[in-house]
Amino acid sequence: MSIIFDPADRGASQNAAQGNVAQGGAAQNGAVQNGVAQEIPASVRNAMELNPNAAQSAGAQGGEQAPSAPTWRYEVNTPEEFQKFVQLSSQGAVIFALYAPHSPSSLQMLEGVQKLVDSAAGSMICAAVDVTKLPEAAQAFGVSGVPAGVAVLAGRPAPIYTGPVSAEDLGDVLSQVLQLAAQYQLPGGFDPVVPEDEKPLPPLHAEAVAALDRGDLEGARAAYRKAISENPGDKEAKLGLEQVELLARVKDLDMATERAAAAADPMNIDAAFNVADLDLVGGHVEDAYNRLLRLFSAIGPDDKARVRERLVQLFDVVGASDPRTVKARAALTMALF
């Protein structure tokens, strides 16, 4: 078996493409020798050369890639995303690079694939798959370990490496994949990944941000609520709404007055909430968390649910992955038992 894609399949439907990948395990047997696909057709022996260093900026030194350099590496985290990239192979070559975070060699191969794909500037894309998160992808391709790479053209998969291979061998095989794609009239033309901070906001999100900019909290609240009603799974809208509610709560508060009230009565839940909100808006995240955690430990069981709910709201505003949130959430969990 070699990297051979039947030109007759290039017009196959997307459903057929998905079916081909589901059967991809059969292509694994005998397809790879010494880690790199062999028996490449003679017509592609003189394929274009890919340069692993081409993705580096001319001004970058020490082999570092310029932070602003475009990349065509996409993360594949769900079965739906997996099928999406299989379908994109009707446009050009999709290189699935399978890796695992605990495998240094697979991470190194992923980096090598990314550099080569980026040097092709849109002629193909790298679909990075963490098999610990999406084992279905490995099963679909019949892959039993990482690192592993599979090229897909018009829904037809072919293994291109299993185990570590040299940059030269990897460049050679990907060049041949590009030549095959050209023969089958699959030129690519893929767009690079758009950084999160450059992606345009959805209309209702943009409306909410504009309302916040002009101080219209009610307008921002209404826009976010509408976004959530239209898409209950819109996490960004839910976070935006929590932030609006926080701003609304502190809008008319006086810091000195609220601190005095909290100091005079440490069990005053409303005063503690107000000070925590003000601390959070002022950037004193740990102070806000610690205040409510101390309050949670001190109050009676009837009030614990209320304090826990406010803490969870603040966790959402700051972000679940923030180290301060992780630490406070762990402390809250321990206090529950």
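Reader: Leaving out residues up to four places away in sequence, which residues does His205 touch?

Author: With contact meaning heavy atoms within 4.5 Å, His205 touches Tyr224, Ala227, Asp234, Glu236 and Ala237. This is a predicted model, in which local features need pLDDT of at least 70 and side-chain atom pairs count only at pLDDT 80 or more, while totals for chains, interfaces and linings use all residues. Residues are numbered from 1 along each chain as its sequence is written, and side-chain values use heavy atoms, with hydrogens and water left out.

Reader: And where does His205 lie, and is it buried or exposed?

Author: His205 lies in helix α6, where helices (H or I, at least four residues) and strands (E, at least two) are DSSP runs numbered from the N terminus. His205 is buried, at a relative accessible area of 7%; buried means under 20% relative accessible area, exposed over 50% and partly exposed in between, with a 1.4 Å probe and protein chains only.

Reader: Switching to α13, what span does this helix reach?

Author: Helix α13, residues 323-336, has 14 residues and reaches 20 Å from its first C-alpha to its last, close to the 20 Å expected at 1.5 Å a residue, the expected span being 1.5 Å times one less than the number of residues.

Reader: Which residues of α13 are buried, and why are they said to be on the same side?

Author: Thr325, Ala328 and Leu332 are buried in α13. They are on the same side of α13 because they cover an arc of only 70° around the axis, the arc being that of the directions from the helix axis to the C-beta atoms. An α-helix has 3.6 residues a turn, so residues three or four places apart point the same way.

Reader: What covers those, and what does the face turned away carry?

Author: The cover over the buried residues of α13 includes α11 (285-298) and α12 (301-318), whereas the face turned away from the buried side carries the exposed residues Pro323, Lys327 and Met334.

Reader: Which residue caps the N-terminal end of α13?

Author: That is Asp322, with a side-chain oxygen 2.8 Å from the backbone nitrogen of Arg324.

Reader: Now the backbone: which residues does a cis peptide bond join, and where is a positive phi found?

Author: A cis peptide bond, with omega about 5°, joins Val146 and Pro147, and Pro147 is in the loop between α4 (135-141) and β6 (148-153). Ala154, in the loop between β6 and β7 (156-162), has a positive phi of about 50° although it is not a glycine. Gln185, in the loop between α5 (167-183) and α6 (203-213), has a positive phi near 60°. Most residues other than glycine have a negative phi, and most peptide bonds are trans.

Reader: Are Ala154 and Gln185 buried or exposed?

Author: Ala154 counts as buried at 7% relative accessibility, whereas Gln185 is exposed at 62%.

Methods: A polar contact is a pair of N or O atoms within 3.5 Å; within protein, one must be able to donate a hydrogen and the other to accept it, and residues adjacent in sequence count only if both atoms are side-chain atoms.
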